[in-house]
Amino acid sequence: MAVDRTPVLKRCRQLGIDPIVMGTNKESHRQPKQRRRQESEYGTQLREKQKAKFIYGVLEKQFRGYYKLALKREGITGDNLMTILESRLDNVVFRLGFARTRKEARQTVLHGHITVNGRRVSISSYQVKAGDVVAVAPKAKDLLPIKEALISSEHMAVPAWLEVDIEKLQGTVLQLPSRDQIDLDIDAQLIVELYSK
C-alpha cells in the first residue's frame, strides 16, 4: 500500500491548511515564500484537489474512484464527493475523538481496534451509513493511544451528524453529512471542474 510520507507541517504550509485540521496542534514559524505571479485557473483547481487528498489521506486512483461514484449519485457532484470522503471510517473515528490525528485514526482501524455495528472492520475506507454504531473494540478500550486521544479531544466539538458516548466508547452516525456540516475549507466545485476537463 502506498503511503504519503510528506511531513505534515510542511505540506500544510504548502497547501495553506491549518494543521489543526489534521489533528496536529503545532505551528510552523517559517514564513511562506511570496509568489511572484498569479496562480492559473488550473493551478487553483489542482490545489483544491491536493488539499482534499492530503486531508483525507487518499491517493489519486482512489480519489478518482470517489469522484466517479459522486458523479453517479443524485445531487451536486462536489457535495456528493465531500460526503463520500467525510463518511470514510477512519475520518469518522477521528471526528468521534477516538484518535488524535487522521493518520492515527487510520492506523487504529487497520489494526482492528474499531467495530461497526458489533463487527470488527479493519478497512479504513469503509463507508459508514446512517444508523451505524462505530465503537472501540472491547480488547482495545484500555490502549494508551485511545485514552490519550480521548483526553486531547475533550475540547474538540463532535459534528452534528455524529453522536458520541464517551462512557461506552462508541458513536452513532445520525445521518450522512451535508456539505454545510463539513467544516473544511475545500471548494469541491473546483475539483469537479478539474476532472470534467
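Which residues form one aromatic cluster? I looked, and the cluster is Phe-63, Tyr-67 and Tyr-195.

**Ground rules.** I noted that this is a predicted model, where local features need pLDDT of at least 70, side-chain atom pairs count only at pLDDT 80 or more, and totals for chains, interfaces and linings use all residues. Residues are numbered from 1 along each chain as its sequence is written, and side-chain values use heavy atoms, with hydrogens and water left out.

**Rings.** I found 2 aromatic pairs in the structure. For Phe-63 and Tyr-195, the ring centres are 6.2 Å apart and the planes sit at 35°, so I wrote the pair down as tilted. My cut-offs: rings of Phe, Tyr and Trp (its six-membered ring) pair if their centres lie within 6.5 Å, and planes under 30 degrees apart are stacked, over 60 edge-to-face, the rest tilted.

I took helices (H or I, at least four residues) and strands (E, at least two) as DSSP runs, numbered from the N terminus.

**Burial.** Phe-63 is buried at 0% relative accessibility, and Tyr-195 is buried too, at 11%. Buried means under 20% relative accessible area, exposed over 50%, partly exposed in between (1.4 Å probe, protein chains only).

Strand 4 (residues 162-165) pairs with strand 5 (residues 170-173) in the antiparallel sense, over 4 bridges. Two strands pair if DSSP finds at least two bridges between them. I traced Leu-162 to its bridge partner in strand 5, Val-173. There are 4 residues between the strands of this hairpin, and Leu-169 takes a positive phi near 55°.
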